[in-house]
Amino acid sequence: MDEAPEQVQQTKVPVSELKKPSASAPAPASAATKPVRHREPAPKRQHVNKQAAPFDLDAPELYLNRELTWLSFNQRVLHEAEDPRTPLLERVKFLAIFSNNLDEFFMKRIGGLKHQVAAGVQKPTVDGRTPAQQIVECHAVIRRMQIAQEATYQDLLGLLEQNTIRIVRYTDLESSQRDELRQHYVNNIFPVVTPLAMDPAHPFPFISNLALNLLVTLRYPGGTTLHMARVKVPVSKDVAPRMLAVGNSHTFVTLDDVIANNLDLLFPGMEIESCDLFRVTRNANVEIDEEEADDLLEMIESELRERHFAPIVRLEIMTGMNRTHRGMLAAELGLDEEVDVFEVQGMMAMRDLFEFAGLDIAELHDPPHHPIDHPRLSDDRRNLFHIIREHGPLLLQHPYESFRTSVQRFLWTASKDPKVLAIKMTLYRTSPGGNVIKSLVAAARNGKQVVVLVELKARFDEAANIRWARRLEQAGIHVTYGVVGLKTHCKTILVIRKDYNGLRRYVHIGTGNYHAETARLYSDLGMLTTQEAIGEDLTELFNYLSGYSPPLRYRKILAAPKTLKKALLEKIDREIAHQTAGAGGHIQFKANALEDADITKALYRASQASVKIDLIVRDTCRLRPGIPGLSETVRVVSIVGRFLEHARIYYFRNAGDEEYYIGSADLMKRNLEGRVEVLAPVEDSELRQDLRLVLDAQLSDRRSGWDMQSDGVYVQRQPVDATNKRGCQEVLIGVAETRLAAAGKDKQSKVRKKLVNRFHKRLQTLDKN
């Protein structure tokens, strides 16, 4: 492609201005750039100018806004829907992901900002913006993105048409096809559709979050008085999909269009004046006071009921709605018509395009991917604990390697092994009907002590986690809800087994949830180990989670909220000291987000000391790279591909005594100070090589990689030849297959070293360019 889509740009402040101390600088304005052409990655990073004027590291101009950088990430998701290199139905899927992301952004982020405004909060964030300013800027960006979204939708419709996949209007169907759809509607959907009148005898009805609705105006035959009614479109897995197939073809009509053209069934004898589609988005943030809770589970259930009636933060209407009707809806819903109403020209609720992801047309999808077994586990059917004990720790790379034959096997083996005495586990999200819950229940029935911390406050999974908690309790499992005031986000399993030489702790520490479905869609890491110090640390962590006070220190792990942030800051300072002493400082972080101001400031100081810094950050990033004298040794890369990047890796060169950590924590204030998180050291040399390969593959990616510029704009990298047309995720699929094949020939170590060298050379070439 020649041009990138319009992107979210934050103020590009001249370096001379950034160097001026400014304790109370005004909030920078944001604006959209003109389309940015794809460029080569930024020039090779240079050492800082030691004579450069000092920067005020508290100046708001140095920090990008959390919400705007997240919107920039969603713009990159939309670009995948626009990119002709992406298979067509995958492009449709990315458009659905973009739309679903935007829905959640309104529920969580805009909802949270509106809550702050209502509470009178005017304190600016580290980037100098008040909550009200952030809402204004986010709305402006979203309206521009919506134009690109609708243009992409129209382009995809044309391409789908070329492949005999059509979304058509009901009125464009042949008479026999309309009759067939009408009869299907009458038999399968009509009985659950309920019209709700809107008049003095019928108050304005409750409107559910994200539900599609028809606003119908009608009159009695010969009458002049207009009446109004609301009809909820019953899109659900239990009733009907949004896309109704016409016969056995790949021609579809939306359910709302079918209902709108068969209103005579709901209003027999009435004259339909107009019918307009609309949808509302509600705030997903509801305040709870855990300190005052007698029963946290009951309080969360109450919160879910309150969320159902939470304030509305967005009204979507179709372009062309009567202005009187638009104003009436905004007024009834308590919204500002000029600010909170968003017009849609194409398809409303494009997240329903996920339904096309299931179309069985192989040539329009990515090549099928089936996770393979970990090389150490593929042909070894022995007790998994024996394998770990004899061969040492295992690094698990999902979705390239199977979750089922590694983590689920670990849990299932623990539930059946007569020598296992206890299982302790944190559960943030898990899959319905998955083997995780079955294994825990089986373990309890087999007489083992089972303790599970279920995080009831996992956003949008609260109801599911309440069900899991009750099911586990019914099986006789000790269920706890963690520490009051903290969300338990770490992913840990501790198994205590009576081995031949005494009690031994077997541990799993991961970056992703114990969820079999997302383990096929998210890029995550996990480690199985018997390392004694880590096992002792997790024993104390679980005692804290089920008891009261945390230990003063841990032997190996870094745990939030007590030790993790302090340790990261100390390690950054240590790299500065090594660089100053001539030993060469190097920091590499791979995370979903970099939002914490203290970590960002520390990285600025490290760059000023000439420490080389590589940041692979999926979405939110406050740091501005490439500013001379401040951050010119920093590179920020974002990877967007078929799998959602979710793994966290933290690397410090440490003057050659390298340190690698993996775990659940992102570089966000909420993770570092308001959650229970765990990072674990990876000390085995072969596992470190595997992590090195992941980092180098992503840093050298010229298909899925985007480089952040100092103004917050991302520029997509472009392949320079046929050798680097594959994205890092596709490459890592191949790496996993190569490792498995090498394991069968006892050549795994040799192949691993060869792969590491290959990607290291590729990364060196990229740096030189």
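A residue counts as buried here when its relative accessible area is under 20%, as exposed when over 50%, and as partly exposed in between (1.4 Å probe, protein chains only). The model is a predicted one, so local features need pLDDT of at least 70 and side-chain atom pairs count only at pLDDT 80 or more, while totals for chains, interfaces and linings use all residues. Residues are numbered from 1 along each chain as its sequence is written, and side-chain values use heavy atoms, with hydrogens and water left out.

Of its 17 residues, 17 are buried, so α2 is largely enclosed by the rest of the structure.

Next, the cores: a nonpolar core joins buried Ala, Val, Leu, Ile, Met, Phe, Trp, Tyr and Cys residues through side-chain atoms within 4.5 Å. The largest has 51 residues, and Leu541, Leu545, Ile557, Ile662 and Leu691 touch the most other members. A second, separate core of 43 residues includes Leu564, Ala606, Cys621 and Leu672.

Contact means heavy atoms within 4.5 Å. Leaving aside residues up to four places away in sequence, Ile557 touches Ile534, Asp537, Leu538, Val678, Leu679, Ala680 and Pro681.

How values were computed:
Helix = DSSP H or I, 4+ residues; strand = E, 2+ residues; numbered from the N terminus.
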